[in-house]
Amino acid sequence: MSLRELQSQFARLVTDDAYRESLRHEAIGAENRNLPHRLAADAGVLAHAATLKRKRAGAAAVRLPLVRHVLADQFFEQFDQFAGAHTLSREQRYDRDALTFLTWLASRIPVDEQLKGIGPRLSQAIRINRHELTGRLRRAYIGIARVDGRQLPESARFPNGMCLCVWLRCPGSQSLRRFVLRMPFT
Amino acid sequence: MDREPNIPRLGVGVGFRTPFKSELFLNRSEVDFLEITVDHFLDRGAEGDDELRLLADHFTLIPHGLDLSLGSAEGLNESYLDRVADIVEKVKPPYWSEHIAFTRADDIEMGHLSPLPFTHRAIDAISENVEIARRVIDVPLILENITYTMQMPGAEMTEAEFLNRIVDSTGCGLLLDVTNLYTNSVNHGFDANAMLSALPLEAIVQLHFVGGRWDGDTLIDSHSSATPPEVWDLLTEVLDRAPVKGVILERDENLPPFGEILDELRRARTIWQELES
Ligand SMILES: [Fe+2]
């Protein structure tokens, strides 16, 4: 197996619980187990997957204090289920992760016996935490500052060495862009 | 021998964490330099730019990346690399650091450092990626050893040999995390001192140290507790034998009162001074 294939298999095994479990079951009793099957049954792979989830759960707990409070100990149990089936996004990963978790959690309320009892309180907590988080993510305008050559070398090309720098978030890619503008006044 | 004679001696510092920003300035004379986590400043906007500037005005800053995925066989994420380059350009450090690991494969972001197999192909991959990074960032790069819960299959050499070959092949210095070395020695049952002796000591530029936590009989590198005696011993050993330029206390979780951080910095500085006198 090439390094690229090995890394791809490993990444999938530590982020996709269902995939890992299906390979692990296939491996039981099989005579010729290939590398992905052996990795799926490896205790270290499982431990690595648990570490990844713990890190994501910690980041989500900080971003969703109300939901964390309402769910109490169940928060980490629920997040564990969620994280095993959803991978991180590339940009704004922990904010996006927390939002996707909220959507997933809301869909679980009617079907999860443990959540049904606290349904109204949990729904309210989800709504409030989602509102806060989406507000932050949708903020296209990030900041504006007057800068000079020391802070931003590009500004040296302007006559008085001063310019305005505006930071914007691109709506599609969500990536951050910096625009340097000539100062309209001195 | 010192393989990085152009890198100045930085002293003993700490990984910058926002909650103790004020204490850093109040105790400015006790912190020789700071390591900043690049990823915390990627989407920084105007306020983050201000913060970087304020820190850079008062401390030497060493950018420390988490997510470049230098060990990825599929190559680097160029837009991420550009954003790292922007930060390095801004703080003008004597060097910057990343990990001997991969964090991404296909379109899956693991968000965590994952181990490479100890193979020639993995050395080639990291060497190719370091070369690409060098074309964009013209500042020395040093590479850090990580902890691992399992060894990737297909190993063609020991970890020490792997690190030696990476240092040779990339020409990078080493950021030796002594806590990671100790943690792996506990979890995988090897002698940390023997491993240390097998490493390219002359390539070590910087150290990381901190304490972890136990989960059953596994030691987790949670960066969440005071440095244990075994790590102090290893740190002393490396300071005695390698041309170290900087030592960073890398506390992330369960942050203690800043006085406890200062105590550890003082202790590391005293060890270093006593070894030299
Ligand atoms: Fe480290």
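About 3,300 Å² of area is buried between chain A and chain B, and carbon and sulfur atoms give 58% of that area. The model is predicted.

**Interface between chains A and B**

- The contact involves 41 residues from chain A and 43 residues from chain B.
- On the chain A side, the residues that lose the most area to chain B are A:L3, A:Q7 and A:R90, which together account for 20% of what that side buries.
- The size of an interface is often expressed as the accessible area lost when the parts come together.

- Distant parts of the chain are linked by the pair B:D177 and B:E250, which are 73 residues apart. B:D177 belongs to strand β8 (residues 173-177) of chain B, whereas B:E250 lies in the loop between β12 and α9 (258-276) of chain B.
- Both B:D177 and B:E250 are buried.
- For reference, the ideal angle at a metal with four tetrahedral donors is 109.5 degrees.

**Strand β1 and its partners in chain B**

- Strand β1 (residues 11-15) of chain B is mostly covered, with five of its five residues buried.
- β1(B) runs parallel to strand β12 (residues 246-249) of chain B, to which four bridges join it. Within this pairing, B:V12 stands opposite B:V247 of β12(B).
- β1(B) also runs parallel to strand β2 (residues 33-37) of chain B, here with two bridges. B:G15 has B:E35 in β2(B) as its bridge partner.
- From β1(B) the chain passes through helix α1 (residues 21-26) of chain B to β2(B), forming a right-handed β-α-β crossover.

- Strands β5 (residues 102-105) and β6 (residues 108-114) of chain B are paired in the antiparallel sense over three bridges.
- The bridge partner of B:A105 in β6(B) is B:I108.
- β5(B) and β6(B) form a hairpin with two residues between them. In the turn, B:D106 has a positive phi of about 50°.

Definitions and conventions
Residues are numbered from 1 along each chain as its sequence is written. Chains are lettered from A and ligands numbered from 1 in the order in which they are written. This is a predicted model: local features need pLDDT of at least 70, side-chain atom pairs count only at pLDDT 80 or more; totals for chains, interfaces and linings use all residues. Side-chain values use heavy atoms; hydrogens and water are left out. Buried means under 20% relative accessible area, exposed over 50%, partly exposed in between (1.4 Å probe, protein chains only). Two strands pair if DSSP finds at least two bridges between them. A crossover is right-handed if, with the strands pointing away from the viewer, the path from the first strand over the helix to the second runs clockwise. Contact means heavy atoms within 4.5 Å. Buried area is the accessible area (1.4 Å probe) that two parts lose on being put together, summed over both.
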